[in-house]
Amino acid sequence: MCTEVPTPAIEPVVVVSNERVAEGVSRIVLDAPRTAGAVEPGQFVHLRISRHADFILRRPFSVHRARDGRIEILYQVVGLGTRALEDAVRDDVMDVIGPLGHGWRVPDGTKRALVVAGGLGAAPMGMLVERLAERGIEVTLAQGAPSAGRLLARELFDNLCSRAIVATDDGSAGLCGFVTVLSAEQLGRDRPDVVYVCGPEPMQRIVADQCAGAGVPCQVSLERLMGCGIGACLSCVVTTRNGLKRACVDGPVFDAADVVWDADGGQEGGR
Amino acid sequence: MSTVDMRVRVGALELRNPVMTASGTFGSGREYADFVDLSRLGAVVTKGVSFEPWAGNPSPRIVETPSGMLNSIGLQNPGVEAFCAGDLPWLAQRDVPVIVNVVGHRADEYAAVAERLDSEQAVHALEVNISCPNVDAGGMAFGTTCPAAADVVRSVRAVTSKTLIVKLSPNVTDVTEIARAVEAEGADAVSLINTLLGMVIDTRTFKPVLPRGVGGLSGPAVRPVAVRMVWQVAQAVSIPVIGMGGITCANDAAEFMLAGASAVAVGTANFIDPTTTVGVAEGLERFCAARGIGRVTDLVGAAWKKQ
């Protein structure tokens with residue numbers, strides 16, 4: 001959004017709430033006044049979940065929303081770290097490094113935006129949709145999930161988007177099929193000025209290709225295993241037309257046109 | 001307020017305290033400037049610098065392990081010219097000794113980097129990396145036999161008068177043999193340990209997680225191995241030993257010094273808490289003060305030296 005990136009800092013945070021919000025997905029709310037005040041849409045925090053576990057690394061999470069000195073994180077239990085996160089209760093203390101990375105950018109003159117979110121890819125879209133709505137930009141959201149019970153942040157999106165359409169793998173809500181069917185339709189119907197994408201990498205690539213075909217600028221938010229989170233360790237590299245970039249400081253949001261995708265539909269070296 | 005003398009010597013270098021950064025975990029120092037006042041460190045050891053740019057390895061490049069991690073970065077770096085034009089001038093403005101980690105595929109490549117850096121005033125010392133497990137040619141291949149290790153150190157020694165540190169691999173049968181071999185070729189100090197070779201296999205895919213199969217294990221998991229090796233090497237050579245491997249706090253650092261390290265480096269812990277280095281330096285001073293130890297060098301080898 002702004003080109004100036006706030007200085008990241010380590011901030012102790014306190015758990016306010018931690019609850020299921022969809023099948024397999026939880027939301028943890030953290031009291032984090034400094035980070036909440038500084039974070040821009042699409043940026044992330046590097047969360048130290050436990051000081052006493054035998055897993056030592058921090059975990060990067062995009063900030064779903066930030067308000068009243070608090071940040072909200074949507075997460076899915078996929079391993080040791082997120083399992084420990086699920087066990088966190090009110091008043092537990094953790095710490096974050098943040099805000100980190102370069103988030104979503106709104107090109108000058110944007111009047112209409114298409115936001116495409118697959119699964120947990122809805123996480124970094126909360127703040128984005130809020131920001132776009134604030135600026136009076138007309139937002140169409142195309143959201144996909146395996147089933148109706150796994151669609152995230154429905155209320156927020158319904159309230160702020162002029163149009164919110166969904167696709168589910170099992171047809172339990174909206175279109176039965178992939179969200180990429182919806183994104184293709186939208187690109188053909190009301191040509192947006194910019195497209196924002198987050199979700200599984202093969203899906204991001206398909207939408208990026210659709211946008212390239214339609215001549216619409218597209219931004220993607222890429223996920224990588226991260227070490228330091230601040231640009232030093234070179235664990236989270238992304239292959240771009242301008243060489244290797246670091247997801248943590250050069251991303252996580254990239255211009256889709258710069259990303260070099262590999263033959264498997266993901267990003268070169270991506271998982 | 002404290003009266004502990006924290007200064008230590010490594011070759012011709014006098015460090016204000018024994019705490020350095022471990023190569024590859026601290027970028028060029030610049031990445032940590034939001035978190036660490038570099039002038040409070042004993043030295044900054046940069047990421048590995050090669051003669052030509054190196055692209056590094058395919059992703060994923062890291063995987064977490066119990067109390068540690070495997071990395072397979074592959075020494076991605078923009079090459080020595082880009083380093084001298086970019087990171088080095090920035091570092092030169094900081095009040096901290098700069099030690100550049102030097103890598104190569106062949107002995108003459110190490111020498112070419114060392115020769116280029118020899119003319120740079122801002123470089124205080126070189127750390128020759130003969131122990132990276134994540135490249136096919138060079139790296140650890142040089143650090144696991146005495147003749148190869150000696151060959152690289154001889155080539156580098158011939159082109160530089162700067163303090164020369166050699167970083168040793170733990171992936172050997174007898175680390176003291178390698179340490180003696182590099183000492184004989186004129187190394188001013190040795191640093192150890194680099195990472196231990198490891199592997200994680202994904203039981204869903206039946207394949208190793210890292211594309212190269214192996215990676216280098218670091219973090220608290222390796223600390224007892226590292227302390228043991230420092231203990232052995234410190235008694236086998238007469239040059240200073242820089243100890244590292246899983247240091248997260250002052251107590252860990254003290255352990256390495258008691259084993260015989262004259263200085264220590266913080267690596268993986270920088271990822272967990274970017275301020276670890278300064279915390280270790282301050283804590284080490286408190287550690288000494290609380291025990292009435294006047295000079296931090298009094299700790300060196302105290303676990304085995306006869307009183």
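Strands here are DSSP runs of E with at least two residues, and helices are runs of H or I with at least four, numbered from the N terminus. This is a predicted model, in which local features need pLDDT of at least 70, side-chain atom pairs count only at pLDDT 80 or more, and totals for chains, interfaces and linings use all residues. Residues are numbered from 1 along each chain as its sequence is written, while chains are lettered from A and ligands numbered from 1 in the order in which they are written.

**The sheet**
- A:Ala167 has A:Leu175 as its bridge partner in S11(A).
- The open sheet has seven strands with mixed pairing, in the order S11-S10-S9-S8-S12-S13-S16 (chain A).
- Its edge strands, each pairing on one side only, are S11 (175–176) and S16 (253–255) of chain A.

**Chain A overall**
- Six helices and 16 strands make up the secondary structure of chain A.
- The C-alpha atoms of chain A fill a box of roughly 50 × 40 × 35 Å along the principal axes.

**Where the chains meet**
- 25 residues of chain A are in contact with 29 residues of chain B (C-beta atoms, placed from the backbone, within 7 Å).
- On the chain B side, strand S5 (62–65), strand S6 (68–71) and helix H9 (269–272) of chain B each give two or more residues.

How values were computed. Contact = placed C-beta atoms within 7 Å. Pairing = 2+ DSSP bridges.
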